[in-house]
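Trainee: I would like a close look at a single part of this predicted model. Please keep to one region and its surroundings.

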Amino acid sequence: MYDRIKGFRDFYPEEMAAHREVIDTVEETARNYGFREIATPAMEPTAMYVDKSGEEIVEELYSFEDKGGRDVALTPELTPTVARMVVAKQQELPKPIKWVSTRPFWRYEEPQQGRFREFYQTNIDIFGSSDPSADAEVMAVAVDVLTGLGLTSDDFDFRVSHRDILSGLLESFEADVDVQDAIRAVDKRAKIDEEEYMDLLTDAGLNYGQADNFDEMLHTDADELGTLAEMTGSADVAAAVENLEAVLSAAEDFGVREYCTVSLTTARGLDYYTGVVFECFDSTGEVSRSVFGGGRYDDLIEGFGGQQTPAVGFAPGVMNSTLPLLLQRAGVWPEEELSTDYYLLQVGDTRSVAARIARDLREAGHVVETDVSDRSFGAQMGYADSINAETVVIVGEQDLENDEVTVKDMESGDQTTAPVDEFPGDRDRPTYDDFA
RNA sequence: UCCGGGCUGGGGUAGUGGUAUCCUACAGCCUUGUGGUGGCUGUGACGCGGGUUCGAUUCCCGCGCCUGGACCCA
């Protein structure tokens, strides 16, 4: 008996059935918007991540030297890979590039609520459009995913912010501000107390009054964003506000504006975002971590050696992640149970007839099982029950003497006979009711 | 890497310095013609290593894993 590796999980059929439904919903939502599925390698050169994030990142990677002496790492995220793919075919890919991909990623971290060392994400990105409609479309997919999974606006907070507003505000102060550090402080705001927060802001270069003023501006209402530009006199802030308002206007047209809460205190920890950013949280706070985040990152492709290419996207975690936790908390997690349309129960030497019926039913697209263990009637019935068979078709020697089979509805227990030649016949989904 | 809580058959549990209770699950049989709801039988556990002890599942130490948190979250 071997142990499972720390931070990795098994998914047994009942549990996986529920996860499958969730993944299908997420992917289908993206496909309906025209996002095309791609597949990518599980390993990349370690340098791809070190160049992007610095040498410290190796600590959090599953990285090693392969037999050819190459330094490789299991992919901790999709973005660098996708950037590489976009750069490699920059000229020939029609824009906008809209891609979706669900797959596992690996990070060598300590497992916590909703965080494992192997986790699955669906990445949804648009490359090649800087238009606010692109930001809004990504946000619309995100909201449609949430509502498609059965959540309502009461269940989640979808917070929208803008990196350029934050950096513009910071730069408008007469101070030598480390914008990166200050934004990181904003991102941590909810986790730390007031004093610590102010300390971080002053460490970043603001004086106490400026920090206070900055924090106050972050709490500006959505319909008064314009005052930020006036107060600071910053053209950068004015442009960023205009951009955010354009995105929200498109979101209105796309039917998702009502789900969005403008919240400038949402910053995301990531350094590479350049415009609109958004993050989704459990409205009750029971799931303490972010459910997913996303935003615009216009400089990344260029950073990977391509032409300047605007990009916007997000990546909900599926399987080992906070999204399932939110769905469970909200009571919309799919049933964790197997479903089986038909079980063909064989009594005596009736395999050939049972097999013929099974093939016909499978042809029609149903989930059909029959005995492969030569078990007794009672044992087969018990098994049919354990796999939640909806209908059991009893193919027994006695019935076959009259050219009949017995059709049993497992929920009610009612059963009746049907002519074997007419089962399933022309019927798409024959049940007890068709013959009663 | 650090801090807290935990670890008894597959799952859930009782209990103890002298090898372990019950429920459930699984398999077979009673029952080649009826499951979810009967009976019988079987399978199966003290996370791993070391220490103390005549004897450790129990006490001590280390490690592993689970769980929650810090850091990090690209």
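Which residues does phenylalanine 292 touch, not counting residues up to four places away in sequence?

Mentor: With sequence neighbours up to four places away left out, phenylalanine 292 touches Ala142, Leu146, Phe158, Phe278, Glu279, Cys280, Phe314, Ala315 and Pro316. Phe292 belongs to the largest nonpolar core of this predicted model, which has 76 residues. Along with Phe158, Leu201, Phe214 and Phe278, Phe292 is among the members that touch the most other members. Helix α4, residues 132-148, supplies the largest share of this core, with ten residues. Apart from this core there is a second one of 17 residues, including Ala83, Phe119, Tyr297 and Leu300. In general, nonpolar side chains in soluble globular proteins tend to be buried together.

The number of disulfides is zero, with a cut-off of 2.5 Å between cysteine sulfur atoms. For cysteine 260, which is in no disulfide, the nearest cysteine sulfur is that of cysteine 280, 10 Å away. Cysteine 280 is likewise in no disulfide, and its nearest cysteine sulfur, at 10 Å, is that of cysteine 260. Cysteine 280 has a relative accessible area of 0%, so it counts as buried. The relative accessible area of cysteine 260 is 7%, and this residue is therefore buried too, given that buried means under 20%.

Conventions. Residues are numbered from 1 along each chain as its sequence is written. Chains are lettered from A and ligands numbered from 1 in the order in which they are written. This is a predicted model: local features need pLDDT of at least 70, side-chain atom pairs count only at pLDDT 80 or more; totals for chains, interfaces and linings use all residues. Side-chain values use heavy atoms; hydrogens and water are left out. A nonpolar core is a set of buried Ala, Val, Leu, Ile, Met, Phe, Trp, Tyr and Cys residues joined through side-chain atoms within 4.5 Å. Buried means under 20% relative accessible area, exposed over 50%, partly exposed in between (1.4 Å probe, protein chains only). Helices (H or I, at least four residues) and strands (E, at least two) are DSSP runs, numbered from the N terminus. Contact means heavy atoms within 4.5 Å.
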